[in-house]
Amino acid sequence: MHRLSVMVNGVRHEQDVPSHRTLFQLLREDLDLAGTKDACRQGVCGSCTVLVDGVPMRSCLALAVRCQGKHVTTVEGLETGGKIAPLQQAFIDEGAVQCGYCTPGMLIMATALLDANPAPTEGEVRAALIGNLCRCTGYAPIVRAVLAAAKNRHPPSAPSSSRAP
Amino acid sequence: MNDQTPAALARQFRYVGKPVLRGESIDKVTGRWVYGADLVLPGMLHAKVLRSPYPHARILSVDTRRAREFPGVRAVVTGADVPYLFGSAVRDEPFLARGKVRYAGEPVAAVAAVSEEIAREAINLIDVEYEELPGVFDPLVAMRPGSPILHEDLATYQMEGAYDRYPGTNIVGHTKVRRGDVVQGFLDSDFVYEDVFTTQYVQHCSMEGHVSAAQVASDGSVTVWSSCQSPYNFLRDLSNALGLPYNMVRIIVTGVGGAFGAKMYLRTEPLAVALAMRTQGKPVKYAHTRDEEFIGAVVKHPAHLTFKTGVKRDGRIVARKITAVFNTGGYADAGPQVARNSAFSGTGPYRIPNVWIDSYCVYTNNPIGGAFRGFGVPQATWAHESQMDMIAHRLGLDPVGIRMRNLFDLGDSTITGEVLYTSVGVKDTLRRAVEVSGYGTPLPASDDPKIARGRGLATMHKLTNTPTNSTAIVKMHQDGTINLLCSSVELGQGVNTVYRQIVAERLGIPIERIRIGAADTHYTPYDQSTSGSRSVFHMGNAMLLAAGDLAQKLCALASPLVGVPVDRLLFRDGGVEEPGSDKFLSAKEIIERSFGARGSTVQGEGRFAPTGTRPPDKETGQTPRMSAFWMYATHVADVEVDLETGKVKVLKIVAAHDAGTIINPEGAVGQIEGGVVQGLGATLCEEMLVSDGIVTNPSFAEYKIPTTMDVPEIVTVLVEAPHADGPYGAKGLSEPALAPTAPAIANAIFNATGARITSLPITPEKVLQALKRVTP
Amino acid sequence: MSLPRFDYHAPKTIGEAVALRQQFGDDALVMAGGLTAMILLRERLVSPRVVLSLSDVAALRRIDANGGLTIGAMVTHSEVARSEAVASLAPLLREACGHVGSPAIRNMGTLGGNISHADSASDPAPALLALNAEAVIAGPGGERRVPLDQFFRGTLTTAINGDELLAALFVPRSAAGTHSRFMKFTATSAEAFATVTVAMSIVCDGANVCTEARIGLGSVAPTPLRARAAEDLLRGRKLTRESIAAAAAAAAACTDPSSNGQGSAEYRREMTGVWVRRLLGDIAGL
């Protein structure tokens, strides 16, 4: 057992975790944050993506113990004070949400992108999201939503670092 | 970029035709939408399944003792414990394998335990002894006498539909179309061409896999939570399998993370139920892992299509003979329906007087072929649109001209004898696709001599499941707000919003006052299924009828209040009025004044069942009304081909669709764009590799679906040919986008290089080989 | 989703890590970025008693630009792709690391983890081979260096012994007049295992006379490899269409590809030749 102290969506959590617990399990089972999804368990689909110290990572391939002292952001952490982020609103407005299963991972990657690159080109948006699979939308409205949010001058999410996604 | 017709723009509706935003999106962007995968129930146990490693084998023994004794295990079942068969067309599939296994991956044993970890360990403690049997993997071989027979008891299976089956063989479905005289037709033709086309194994790849939970009460009643498309199909199939009255089975639909047909019929549910029968009321949840999605869910039927077509020199099609073989794997699932559907749409949207079609559904020791967006029509479209261009080229005719010579007009009759009496927008889709894409003008040549550019097009049509019924309830609370109750499922395609739009429009009530919930067969009335692109038409009509019924009831309640006979009252703009007078009562006022403090809800019910449909003749496939509606589309593809690597880059797709009146243009464009990309994947980069029944690439790492970087520019064109019987003239949309992309790309590759590829997927290697045949 | 149980050790220094390797031997799975280790664990392909994490060994996270480029084994692909030192000293490696998987994968995966796994489909490996890199291996006796073209011994097998760790990759300074090219050719989607990966580092003068040629190939043999026969045909000669064609043919001939969803063996061999030819032609301006 390891005594883990980790910030999740701005809230400090302390608990004992066994070595083999994944960050994904910690978030979903221990912290009841069900927004992060698990579609492949291999790190290919992107639905498990969260920010660790502002950097997008695959929670299904991360051990919880390795997050000691770090700041983790999940989709639940994108809204502040009961208000959704401009990026989330842009997804709604642009029809970027169909079944919605890929949406949390997309939002996380896009948040990291806009934090590092507030005015991306369409090509940069597509390159940033290449590791997030969507089977419903064909991606066009998702790309449009990210570009629309960029135009609205998306403020940096907290906590952030200036690393590129 | 979207192209809207003037009619849509000029429309006077408040909601219909408008891009109303989806109510559920807020929950999805905040991570709060509860999918089946997220379901947590009190006392919930977790299931794992032991699957056969062999494609065809007798089960000699199954020893579960060590698993049963493993701490934390609450139930273990094998086929011997569960003597039930299920199936939507033919009841041929056991809950768990009994006596033998018929595909690699077939469930042999299942465990329910207090954690997924324990269930997984327990599965490994089950010992199974198999005796391998010779397998048959090619459906053409499986059809021949002397092949290993998968289902010795085919004759004893209960049939759910009128499908031909041939006991003693591996043929489980045979659909025929006979029209005119093909023999004479070929004699009357100037040219007769025969070509063969094939399609591959494709996986739906919904981001949320199959998942369900089951709970069995002390009285034996069964509750199932499922990420599914058709709660009433599930109810019927489970009830029939278990021998339970329908009201003792309850299906609750969770949020669904994509379906595309995969979740149309039972899959994880029988296993969850079998375990739940042994856990003293504790619910059991079973979720496929991704590799189980590849080997243990259903797949798109690979097809082998032989097209023999007789034409006149001017390109008129005189006769067409098709032999289509659909590889349905170890169990039939939706196979007979897929083969049937493909037959009835099989020749394309063309006038053909002499037709002979045999469409077979054949068992092999492979993964199970099931419903996949398009239901056999993408396979048929691949064939008829590729051959259309091949014939055009052979005759020296232009691909647009040859199609225009043969395409349906209003009043034409289909190959199954149906006179198309409304909404035939196919020629408009062709005209508009050509116009918007600039198809007639060749693409500018690349500066790079190793790159060839070309354009190609393809047209298609599709029927919908007919006859099918939908029922809706529009329930008004005493404050005038509304809940919609229906068993249509929001899969991401946007139907929830469409229904709200329809009811808001019909009643003149602000859409914000209308909510829709999830399907639950205990509460929501019958709907056949969310499939076949049928929902907007059938459930939309049911919603209209239910709204109308509510309006009528409110008028009846208002009548004594305003002292006006009911037949002089109208419901409009959220209330009852007497035209010509200033009498008006809002719905809220009517209910309050009618029921006061005692309160009440007022419900309107609507059942929609298309009229005039008759089942097709078993021998000829003929019926005056095959489909409640037909959908049409034309795609134009611009491609670049690297002549040294064979790699194809799609530059642009123009997708022109006739879906009748478009109720929600954003939803429509979303379905088209998504369908085009899914079709693109099946065209260029998706293939499940199945070798002697074993799936060798069961993961996203190896089975590649399109990414953001694989998607061309997609231009959608909405051609609205309103349907006389559709709600506000609407038809359906979600499936057609998947079909014409493949042949449009193949035709574009031919246009660019002279290389013709007749098998999917179009890999760079195949293109290179075809190029070498053109210029040796 | 669950992994098997194990004890987790996260040493702070290379010395501690080596000591743990010695202590546990085959009972320990070394975890770098975790991408490979987690999948091996989840699929129960391995069931080690111990996971030896390198995440806390700060010394392995450094990029050093003195006398050549030394990249610590735990530097992530993202960090390599962003590093100014790498950009100026080894742009070929920067490009290669930028092709690994997708952004989130690059944030977790490490150069050392990738190279020590020795997957033939590794994106950085052909580039490091073309750069004449060395593997810096830490063991009980200290550090030793192995040229990378001797490092890959067989399918998923390297020169690292059971009590050693890959500590860094060393890339010597490139000669003046070095041209480099990289191509990861995929037959399916844009994010997929390669059909063939070609990386080359060619030194030639203004007259296109080639003094040094190193060509690394990936996905077309059990290990990443150097196309030595092709290199020999180029070295000391002028780059012409003929010499390039001959080198391309030799590169194709030295492959030993298998057939899978990314292409048949024949196709991969042919594509090796096509891309070697194209990249050389691009360097030569032909």
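**Figure 1. The loop of B:Asp573 lies between strand 23 (570-572) and strand 24 (575-577) of chain B.** In this predicted model, phi of B:Asp573 is near 55 degrees, a positive value in a residue that is not glycine. Most residues other than glycine have a negative phi. B:Asp573 is classed as partly exposed because 13 other C-beta atoms lie within 10 Å.

**Figure 2. B:Cys205 occupies the loop between strand 11 (191-198) and strand 12 (211-216) of chain B.** Although B:Cys205 is not a glycine, its phi is positive, at about 55 degrees. B:Cys205 has 25 other C-beta atoms within 10 Å and is therefore buried.

**Figure 3. A cis peptide bond joins B:Thr466 and B:Pro467.** Omega of this bond is about -5 degrees. B:Pro467 belongs to the loop that runs between strand 19 (451-463) and strand 20 (470-476) of chain B.

**Figure 4. The peptide bond from B:Leu760 to B:Pro761 is cis.** Here omega is near 0 degrees. The loop that holds B:Pro761 lies between helix 18 (741-753) and helix 19 (764-774) of chain B. Most peptide bonds are trans.

**Figure 5. B:Met543 and B:Ile749 have the most contacts inside the largest nonpolar core.** This core has 417 residues. Helix 15 (residues 535-562) of chain B gives the most to the core, contributing 15 residues.

**Figure 6. Chain B and chain A meet through 40 residues from chain B and 41 residues from chain A.** On the side of chain B that touches chain A, helix 2 (25-29) and helix 17 (665-684) of chain B each supply at least two residues. The largest share of this side, 7 residues, is provided by helix 17 of chain B. By class, the side of chain B that touches chain A holds 18 nonpolar, 15 polar and 7 charged residues.

**Figure 7. Chain C is in contact with chain B.** The contact involves 14 residues of chain C and 19 residues of chain B. The side of chain C that touches chain B divides into 7 nonpolar, 6 polar and 1 charged.

**Figure 8. Residues 160-165 of chain A have pLDDT under 50.** For this segment, the model has 18 contacts beyond four places in sequence. Where pLDDT is low, the predicted coordinates should not be read in detail. Over chain A, pLDDT averages 93, and 92% of the residues score at least 70.

Methods:
Residues are numbered from 1 along each chain as its sequence is written. Chains are lettered from A and ligands numbered from 1 in the order in which they are written. This is a predicted model: local features need pLDDT of at least 70, side-chain atom pairs count only at pLDDT 80 or more; totals for chains, interfaces and linings use all residues. A nonpolar core is a set of buried Ala, Val, Leu, Ile, Met, Phe, Trp, Tyr and Cys residues joined through C-beta atoms within 7 Å. A residue is buried if 20 or more other C-beta atoms lie within 10 Å of its own, exposed if 12 or fewer, and partly exposed in between; C-beta atoms are placed from the backbone. Helices (H or I, at least four residues) and strands (E, at least two) are DSSP runs, numbered from the N terminus. Two residues are in contact if their C-beta atoms, placed from the backbone, lie within 7 Å. Ala, Val, Leu, Ile, Met, Phe, Trp, Tyr, Cys and Pro count as nonpolar, Asp, Glu, Lys and Arg as charged, and the others, Gly among them, as polar. pLDDT is the predictor's confidence in each residue, from 0 to 100.
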